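Please open the structure in your viewer and keep the selection tool at hand.

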Amino acid sequence: MAAPRCMRSFLGPAKRIKITHAARPFSTTTARRDAEDAAAQKTMATLMADVEAGNLPLDETLEKMGLDPVEYKELWNSQRKAQKAAAKREPKTREEAQKLWKQMQSTPDDLTLLRMYKRGGVEPIQLAKEKGVKLPNEKEPLDPKTQAALDELRQPLNVRAVNMRPLRLEPQYGVPVCDLQLRTYSIQNLTLFADFAVRAAYYMGLVARGPVPLPRITERWTVPRDVFIFKKSQENFERITMRRLIQIQDGHPDVVKAWLAFLTEHQMHGVGMKANIWEYEDLETATRAGEAIQPDDKSRRREGPMMAKVDEILNSKGFKEAMKGYKAPDEIEFRR
């Protein structure tokens, strides 16, 4: 089959074509570059000679060029020191060069040797520890007195306890007074807040048990991706709720409420709380059930003794003499 007429030029025999380019106007030769370098060095030498002779002030010249004189002098001095150090290390004779070369050959390259040993299957650091060889980076052991002084300057016990397991109190009767249930979708936040709650209970004098892992709550939903003919294309969603239980035993109701308020104030984000509280009364309260209570009778309330003491202080003679002449403001602001 013959090729189309439009393709015959591409399928034909290859021809040699001589490509010539015009001389580029921006191309520079080596001789021209050497001449420019020589001119720049000459200009710099003339400038330095004028500065050293005092004909041209250095600070004014640097300010005109937009440079900081102090920073320029510091850089110049550091460069001169580096040049002097390099010139001092540079060998002057052939014998010095050979001596320096032999010294470099006899001095091992730690990084290269370490790679060679590891490539050969030898671990130098582990082998040195097994043989009892002291490594260069190991510190000398301190004397017992210095070590004891350093141990006394360590962190206090309550700060070090943060990195240890929470402290706990032993129950006396084992009567549960509160069950705190924590729920969340993130196990990291749940573990952190449960540990915080147990530590807070210890420092408030409460006996805490837990955190006890509870069964997970798994919820699943199936949602169609689209309608009509795409109903068979469905998507599944799952939500897992993780729970922990902390039980308080033999605790005073007021202290338990203060503990719950403290946890609510410092609650971890993403962690929910649910508390069941049990309060126990004495037998005397049960026998007096059904009796009529006067409006001003505070003796049967839990805070009755404290309110009676407050009334006694307010009605005392010394308090009245101390508050004589004091005028209370018209509006009294009550704060929690």
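Begin by selecting residues 94-106, which form helix 5. Helices here are DSSP runs of H or I with at least four residues, strands are runs of E with at least two, and both are numbered from the N terminus. Helix 5 has 13 residues and reaches 18 Å from its first C-alpha to its last, close to the 18 Å expected at 1.5 Å a residue; the expected span is 1.5 Å times one less than the number of residues. Is helix 5 buried or in the open? The number of buried residues among its 13 is zero, so helix 5 lies largely in the open. Buried means under 20% relative accessible area, exposed means over 50%, and partly exposed lies in between, with a 1.4 Å probe and protein chains only.

Before continuing, note that this is a predicted model, in which local features need pLDDT of at least 70, side-chain atom pairs count only at pLDDT 80 or more, and totals for chains, interfaces and linings use all residues. Residues are numbered from 1 along each chain as its sequence is written, and side-chain values use heavy atoms, with hydrogens and water left out.

Now display the whole chain. The chain has 14 helices and four strands, and 12% of its 336 residues count as buried. Contact means heavy atoms within 4.5 Å. Of the contacts in the chain with a separation of 6 or more, 69% are between residues 24 or more positions apart.

Two strands pair if DSSP finds at least two bridges between them.

Strand 1 pairs with strand 3 in the antiparallel sense over eight bridges. Pick Leu180 to find its bridge partner in strand 3, Ile246, then Arg183, which stands opposite Arg243 in strand 3. Towards strand 4, strand 1 is joined by seven bridges, and these two strands also run antiparallel. Leu182 stands opposite Met273 in strand 4.

Which residues touch the most other members of the largest nonpolar core? Of its 21 residues, they are Leu182, Ile246, Ile248 and Trp259. Strand 1 (176-184), helix 10 (187-203), strand 3 and helix 11 (253-265) each supply at least two residues of this core. Helix 10 gives the largest share, seven residues. A nonpolar core is a set of buried Ala, Val, Leu, Ile, Met, Phe, Trp, Tyr and Cys residues joined through side-chain atoms within 4.5 Å. In soluble globular proteins, nonpolar side chains tend to be buried together.

Move along strand 3 (residues 234-249) to Gln249. With 10% relative accessibility, Gln249 counts as buried. The side chains of Gln249 and Gln247 are joined by a polar contact of 2.9 Å. A polar contact is a pair of N or O atoms within 3.5 Å; within protein, one must be able to donate a hydrogen and the other to accept it, and residues adjacent in sequence count only if both atoms are side-chain atoms. Apart from residues up to four places away in sequence, Gln249 touches several residues, among them Pro171, Val207 and Arg209.

Select Asp250, in the loop between strand 3 and helix 11. Its phi is near 55°, a positive value in a residue other than glycine, and at 27% relative accessibility Asp250 counts as partly exposed.

Phe228, in the loop between strand 2 and strand 3, likewise has a positive phi, near 65°. Phe228 is exposed, with a relative accessible area of 74%.

Finish at Pro211 in strand 2. The peptide bond from Gly210 to Pro211 is cis, with omega near 0°.
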